[in-house]
Amino acid sequence: MTSAEVSVEATDGETTILKSVCRSCHGGCGTLLHVRGGELIKVEGDPDSPLNRGRLCPIGTVTRDLVYHPDRLKYPMRRVGKRGSGQWDRITWDEALDEIATRLGRIKEEYGPESIALGTGTGRHHIRWVSRFGHALGTPNWAEPGFAQCFHPRVNTCILTMGEYPVCDFTGDVPAETIMYWGHNPVNSGPDGETRFNARDSLAQAKNIIVVDPRETELAKRADIWLQVRPGADDALGLAMLNVIIGEKLYDEDFVSRWTHGFDALAAHVGQYSPEWAEPITWVAAGKIRAAARLFAKTKPALLEWGCAIEHTPKCIQTIRALSMLPVLTGNIEIPGGWVFGMKGIGRFPSLIELLSPEANAKRLGGQQFKLLGGEGADLPAAHIPTLLQAMREGKPYPVKAFLVFGNNTLTTYANSSLVYESLMKLDFMVNADLFMTPTAELADIVLPAASWPELDQIAGLPTIAANVVLGQQKSVRVHECKADEEIFTELARRMNLPGCTEPVRDVLDSQLKGLGITFEELTKKGFVKVPFKYGKHEEKGFKTPTGKIELYSTRLEQMGYAPLPYYEEPPESPISAPETAKDFPLVLTTGGRIPFYFNSEHRQLPKLRKARRDPQAEIHPDTAARFGIESGDWMWIETKRGRMKQKAKLTTGIDARVINAEHAWWFPDEEGPEYGVWKSNVNLLTNSEPPYDPAMGTYQLRALLCRIGKAE
Ligand SMILES: Nc1nc2c(c(=O)[nH]1)N[C@H]1C(S)=C(S)[C@@H](COP(=O)(O)OP(=O)(O)OC[C@H]3O[C@@H](n4cnc5c(=O)[nH]c(N)nc54)[C@H](O)[C@@H]3O)O[C@H]1N2
Ligand SMILES: Nc1nc2c(c(=O)[nH]1)N[C@H]1C(S)=C(S)[C@@H](COP(=O)(O)OP(=O)(O)OC[C@H]3O[C@@H](n4cnc5c(=O)[nH]c(N)nc54)[C@H](O)[C@@H]3O)O[C@H]1N2
Ligand code: SF4
Ligand SMILES: [Mo]
């Protein structure tokens, strides 16, 4: 086992320097927290950390401003006026926890535990604690807006078909020769579970770059081949690349014959998807599709870096299936510089799922229908958001009466915000724990002040799932009456006499670190542990699938009643699938491309970041703008069948004249509460949570929609 060279708590005069890990995004950057007199005075990147080597992104850099922001929630509060009226009274933690325990107890008794739902946000330090508390409470209903839409579709699909979730080998010695970035812009975002700095460094080392993106991002400008795909046509493009790789025999014959199942079936199946077939669907020239497939297949190691854009339309699982086969057919699995499986430095999290009876499990909303989200095909089963919201609104299939939100601004990040608002207003009881008052928290009965990352103990394993590097996050300062989410769950569980979730947080962390032979205390001294890496792990025992091979033809998906081979399907609201709608809404809308200054709906309170992006921006081609009388910097309406909102026009030739790109998760903490401008520029007023959904994952439509635009006065 290797570990950080410098083990600290080093002191410098009266300043203590504590090693920790930034969690302001999905996390992972090692940090040094300078603390003096109980106050955080400086935050630096840890030069020893293999994930960021001393660097911090703009968000990490302003951590001090986040921790001590005057608008932080400082103590628990109880709503005094009617729901959403914005009137609050300060209460004590005892009063808050007692009231929550009592009201949940009553709801549980009258309607059953499943009528209590929990919500959280992406990749949070406490994400698994939310479902754990739910399991202790007896409810299978917890949700996260990224679960059916972000990362977990990839995780669950790969576990079923490859046995594990593959990650890019960024911390090894061999750089990838070719990297293909698909619906993913790590220069801005940082991949799910990797840190953005790893991704950037690998970019600098790669000889060839392929980018699949409807927008000409900085990454696309640097690419050798940029495929300007029509939003939502990724499945067609992926299938056409498989067609080329198989048709031209560019695959790794040895790897395919030894380690894959169902190649012949796949080969026969993708024969229909030629680049010429794909050209009118994808808007990418057949010759370019061929060139990209050849470049990817003929260089080694070749990496696929994929992002959430492929998970924001309802055919997400089949798109993931098609794309995942590109590195597989070309033999880029478990080799240095390729896609690798993790060393799993963190032990099993005590999720307490065993506390849910089979009957309780079967009640998970949407779980029976969407088996990869909430049933047997899910790594961590979660409820289906549209089904959950329907249960709040209509009491069907059974009523959901309470919603406990720990770190999600529901009105900004769930699809179809108007419907979300309507649903939340129907609740009997809502609790919201957050760092700040948000338009969503304003709808709650009780608001709890959550601790930010330097105020709490946790462990982080990076990349997520793989946990090749394990980092310690330590409580370094205390602010106001803020409490870590984990502690809130523990205290509530004790007060409610629940059958689990009552032990001290550090005991859980210690239990997860047992396999590493280290305690949490020791880990925080070191900062991080890098688990020695091994390639070719399948050589010993095969892949953890029913056939022991990577299943190109998926026996598990087939068994669950889903398609065993990937296929093409139009997004439900596209110029091809909905030509009638397209007459009124002629442009294709995509949303949510990440910007470096904000993490989803967060950080707009922080002046240094807000200066970098004052207002929401929507990208539009100059010809289209001219057609609608829109000039650069104008506020512009964007409207779909669900609603309309406005963002500022950014004119660029780097987007197709038929496409609009709008930013996501906007609200304005500087505008008046309780709404804080949440209905002004919120892109999820436009998105769709109605069916059809991905048949296996329940994914709804955040991108690839039809819209129209106009100049806003
Ligand atoms: N700074 C910052 N970092 C973040 C976040 C943040 O909000 N801010 N969010 C975090 C979260 S939750 C996630 S999931 C990740 C997401 O990070 P990424 O996976 O990088 O996702 P996006 O930036 O949303 O989209 C990536 C690219 O996909 C393109 N795109 C849009 N529609 C399509 C399409 O239909 N097909 C294809 N092929 N491409 C398309 C966009 O133009 C964009 O350039 O970032 C995480 N990191
Ligand atoms: N249209 C559109 N919608 C999207 C996307 C898109 O690209 N387009 N992206 C989707 C994706 S990929 C994802 S993952 C989701 C993201 O959705 P979420 O991850 O749920 O993000 P937010 O809604 O911004 O909620 C985060 C909230 O948690 C609070 N918070 C931060 N740290 C803590 C903490 O430690 N404890 C507690 N209790 N609260 C904390 C923040 O202040 C903020 O209010 O959005 C999805 N929505
Ligand atoms: S990339 Fe994420 S973990 Fe790293 S400094 Fe930025 S916000 Fe923190
Ligand atoms: Mo996400």
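Here is a chat about the words used for this model.

Modeller: First, the ground rules: this is a predicted model, where local features need pLDDT of at least 70 and side-chain atom pairs count only at pLDDT 80 or more, while totals for chains, interfaces and linings use all residues. Residues are numbered from 1 along each chain as its sequence is written, chains are lettered from A and ligands numbered from 1 in the order in which they are written, and side-chain values use heavy atoms, with hydrogens and water left out.

Biologist: How do you know what confidence the chain has on average?

Modeller: We look at pLDDT, the predictor's confidence in each residue, from 0 to 100. The chain averages 95, and 97% of the residues score at least 70. Residues 1-11 are another story, with pLDDT below 50. That stretch still has 27 contacts in the model beyond near neighbours in sequence, where contact means heavy atoms within 4.5 Å.

Biologist: What makes up the list of domains?

Modeller: The bounds come from an automatic or database domain assignment. It gives domain 1 (3-67), domain 2 (77-149 + 345-530), domain 3 (166-340) and domain 4 (579-711). Between the centres of domain 1 and domain 2, taken over C-alpha atoms, there are 27 Å. By the contact rule, 31 residues of domain 1 touch 28 residues of domain 2.

Biologist: Which residues come nearest to ligand 2?

Modeller: A residue is near a molecule or strand if one of its heavy atoms lies within 4 Å of it. There are 34 residues around ligand 2, and Thr 122, His 125, Asp 434, Asp 485 and Ser 601 come nearest. The shell takes at least three residues from each of domain 2 and domain 4.

Biologist: Why is the pair between Ser 601 and ligand 2 called a polar contact?

Modeller: The label needs a pair of N or O atoms within 3.5 Å; within protein, one must be able to donate a hydrogen and the other to accept it, and residues adjacent in sequence count only if both atoms are side-chain atoms. A polar side-chain atom of Ser 601 lies 2.5 Å from an oxygen atom of ligand 2, so the pair passes. Asp 485 also has a polar side-chain atom 2.7 Å from a nitrogen atom of ligand 2. For Gly 407, a backbone N or O atom is 3.4 Å from a ligand 2 oxygen, so that pair passes too.

Biologist: How much of ligand 2 does the protein cover?

Modeller: On its own, ligand 2 has 920 Å² of accessible area, and the protein covers 98% of that. Such areas come from the Shrake-Rupley method with a 1.4 Å probe; for residues, only the protein chains shown count as cover.

Biologist: What makes a shell residue nonpolar, polar or charged?

Modeller: Ala, Val, Leu, Ile, Met, Phe, Trp, Tyr, Cys and Pro count as nonpolar, Asp, Glu, Lys and Arg as charged, and the others, Gly among them, as polar. Ligand 3 has five nonpolar, four polar and one charged, and its neighbours include Cys 22, Cys 25, Cys 29, Cys 57 and Arg 196.

Biologist: Why is the bond between Lys 396 and Pro 397 worth a look?

Modeller: That bond is cis, with omega about 0 degrees. Most peptide bonds are trans. Gly 673 to Pro 674 is cis as well, with omega near 0 degrees.
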